[in-house]
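I opened this structure to look up a few side-chain contacts. My notes follow in the order I took them.

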Amino acid sequence: MKRPRSSDALVSALLAVAATMSAGPALAGPDAAAIYRDTCATCHGEARLGGQGPALLPVSLGRVKPADIAKVIAEGRPATQMPAFGEALGADAVSALAAFVLREPEVRPDWTEADIRASRVEGPAEPVATPPPVADPLNLFVVVEAGDHHVTILDGDRMEPVARFPSRYALHGGPKFTPDGRFVFFGSRDGWITKFDLKTFRIVAEARAGLNMRNIALSADGRWIAAANYLPSTIAILSAETLEPARLFPVADLRGTPSRVSAIYQAPNRSSFIAALKDVPEVWEIATDPNAPPVFSGLVHSHEKGMVEALATSKGLFALRRIAVEQPIDDFFFDTGYRHLLGASRDGDKGVVVNLNVGRTIATIPLPGMPHLGSGISFDWQGRRVIAAPHLNQAKLSFIDATDWTVIKTIETAGPGFFLRSHERTPYIWADAMLGKARDGMQIIDKRTLEIVKTIVPEPGKTAAHTEFDRTGRFALVSVWEDPGALVVYDAETLEPVKRIPMRKPVGKYNVYNKITFSEGTSH
Ligand code: DHE
């Protein structure tokens, strides 16, 4: 069938309509539901939950501007299966469709354990490429390319791509590696988990753990994958071997108020997952040790005595412990021993320190400008352990003493940034300024003086973001965060570029060795 094409005039008209549009307007004219059924449902699902194409629900589309939604419907998405519908449908139908997909469905969609099980697919028998001989499999990188939703496997010794394959739509967050570095798991915003074998270059299996997912975590023993979901409000635990569901936690406080999950991470030396909840003031700890002792929390107030008894019986594998906090936590990081969680409070002006052993908040730290603690890194400075974190709303970076929880220093940067990276073998932190005007610069901060010593511009006028080191710490790979973009490889000592590798908007890159050894200066 010939694909419908759009003209510039038509797109301009659509954009004008879309610009005046807000989420959830009353529909007049075209029957958007019927057009959706006839035109979109085969790929995006009858209930808009996704299929071959991504989910089209407000929670999934929240990051896309309404005008861009109309534009994609009219013009299609290059290098994907999404065709242009502008000419076939006309401006009115396109704008009605754009409004329709931004409306909440009449029935809140659910995704049960049976749905997770039914979604599971084995990967194809064929590898995505023939694995070449690689000198050091632990020095491979996986690169997530958002430009056309692909993953590249890069040999970190030769700095050469060795495989490239399509990913699920919109991967988000760091991929997670098994402790031996052989398998990697990717999570998509639509809830898909993909398990990939870095030895055979084969997709092993995929399963959909939720409809709108935040991130995934792998347990310290490599046996369980946890998925933190916004929609539905659940934490799903799957077997890391098969991706079969093992446990589904509906997430709600003791009174039954449901909550989205901000994020979930493994706490290796606690043998547990730690999750922060976005809508209720609780932190959850889920045991991944079958011999975990019975757990309950200090949270339960006297009028909920019965609950204390109920919770006290929670023991063994997946035992749940609730820790009360003053406000819901959005974003968090741990100290080195995983005794403390450092979280950003919802009002965005302070950090809270939760002692995970005693289960309560022990300090609050003034940190205005939305500290992005999930991007925190820690290192030793003058005999103390220090956590560095960028601020999302202010051109600043703060250094926090992880012993007495005071702010040692806050420095001005070229703009608010998203990611920090370092390595145990480098004296520098690499910090982007991608949310500011000078977003093409990567700032180099000396860990000894806590001062900016240099600004590197990989490509003038193009956003620079997200650094990762090779396993030796000798090279730093920086993304030119554009489509087309690139990875620019720097000598981490001289800070000079040594190679440029073309990529399609490489949002993140992850070195196997650094991830499995929890290298100092990498993300969770
Ligand atoms: Fe992320 C990691 C939350 C927007 C790219 N982001 C994470 C993690 C969380 C998070 C909790 C850690 C998960 C993990 O690694 O297991 N991100 C959020 C948000 O709340 C926020 C601000 C709003 C949202 O839409 O969810 C957000 N993130 C973005 C983006 O707009 C980015 C820049 C582009 C994109 O692809 O969506 C983005 N986030 C990333 C990347 C990581 C990430 C590349 C992994 C960083 C790493 O080095 O591990």
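Entry 1. I looked up His172 and found it in the loop between strand S4 (160-166) and strand S5 (176-177). Strands are DSSP runs (E, at least two residues), helices likewise (H or I, at least four), numbered from the N terminus. The model is predicted: local features need pLDDT of at least 70, side-chain atom pairs count only at pLDDT 80 or more, and totals for chains, interfaces and linings use all residues. Residues are numbered from 1 along each chain as its sequence is written, and side-chain values use heavy atoms, without hydrogens and water.

Entry 2. I checked the iron atom of the ligand: its only protein donor is His172 (NE2), at 2.2 Å. Donors are N, O and S atoms within 2.8 Å of the metal (3.2 Å for Na, K and Ca); water is not among the atoms, so sites may look incomplete.

Entry 3. I searched the whole structure for salt bridges (a side-chain nitrogen of Lys or Arg within 4 Å of a carboxyl oxygen of Asp or Glu) and got 26.

Entry 4. I noted a salt bridge between Glu206 and Arg168, at 2.9 Å, N to O. Glu206 is in strand S8 (residues 202-208) and Arg168 in the loop between S4 and S5, 38 residues apart. Glu206 is buried, at 13% relative accessible area; buried means under 20%, exposed over 50%, partly exposed in between (1.4 Å probe, protein chains only).

Entry 5. I noted Lys409 and Glu451, whose side chains form a salt bridge at 2.6 Å, N to O. Lys409 lies in strand S24 (residues 407-412) and Glu451 in strand S28 (residues 451-456), 42 residues apart.
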